[in-house]
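Thanks for coming. I will go through the side-chain contacts in this one, starting with the charged residues.

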Amino acid sequence: MSARAIPYRPHNHDACVSQALTDARAICQQQNARLTPIRERVLELIWQSHRPLGAYDVLSELSSDGHNAAPPTVYRALDFLQQHGLVHRIASLNAFIGCTHAGENHTGMFLICRACSNVLELTATAVSTEIRKAASGVGFQAENTTLEVSGLCPRCQAEPDDG
Ligand SMILES: [Zn+2]
Ligand SMILES: [Zn+2]
Ligand SMILES: [Zn+2]
């Protein structure tokens, strides 16, 4: 899958969205999974920015679309998208973000700006290898590693304090 824009810089976000949808269709086809219109719409809503979106935000966007979606529909769509590696759940924010490495075997390391909630996903293979080693040192078999790092993005660091 192609490299994407760094969300901290101004970029053509429509390109991010269409790339994500193209990737999602290809991945679902490979996995023989059905990307129904509602699932695709939920994915598109999550991709509307580089800030994570909560399930209830997705729901209210859907109803302003004219979709009569009930919460279970949204949760099922989110489950589907997570299972197929198209979105990640950011536990600390209880919200979802589009995966920028969909279709690749990867460990998500999320840099979460505490000021603007922008999330950047980095792959951190070396980090997850170390974690696996440390875990197996105590006899634990690590399966999934998700790291959430909070801090300030370059834009928010540049904001003057007395702004
Ligand atoms: Zn973008
Ligand atoms: Zn990812
Ligand atoms: Zn920020």
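E44 is partly exposed, at 30% relative accessible area; buried means under 20%, exposed over 50%, and partly exposed in between, with a 1.4 Å probe and protein chains only. Before I go on: this is a predicted model, where local features need pLDDT of at least 70, side-chain atom pairs count only at pLDDT 80 or more, and totals for chains, interfaces and linings use all residues. Residues are numbered from 1 along each chain as its sequence is written, and side-chain values use heavy atoms, with hydrogens and water left out.

E44 forms a salt bridge with R41, the closest N and O atoms being 3.1 Å apart. The term means a side-chain nitrogen of Lys or Arg within 4 Å of a carboxyl oxygen of Asp or Glu. Both residues lie in helix α2, three residues apart, about one turn of the helix; helices are DSSP runs of H or I, at least four residues, numbered from the N terminus. R41 is partly exposed too, at 22%.

How many salt bridges are there in the whole structure? The search finds four. Another one joins R25 and E40, at 2.7 Å from N to O. That pair links distant parts of the chain, with R25 in helix α1 (residues 13–30) and E40 in helix α2 (residues 37–46), 15 residues apart. K133 and E130 also form one, at 3.2 Å. Shared partners join R41, E44 and D65 into one network.

Last, cysteines. The search finds zero disulfides, meaning pairs of cysteine sulfur atoms within 2.5 Å. C99 is buried, at 3%, and C113 is buried, also at 3%.

Methods. Chains are lettered from A and ligands numbered from 1 in the order in which they are written. Helices (H or I, at least four residues) and strands (E, at least two) are DSSP runs, numbered from the N terminus.
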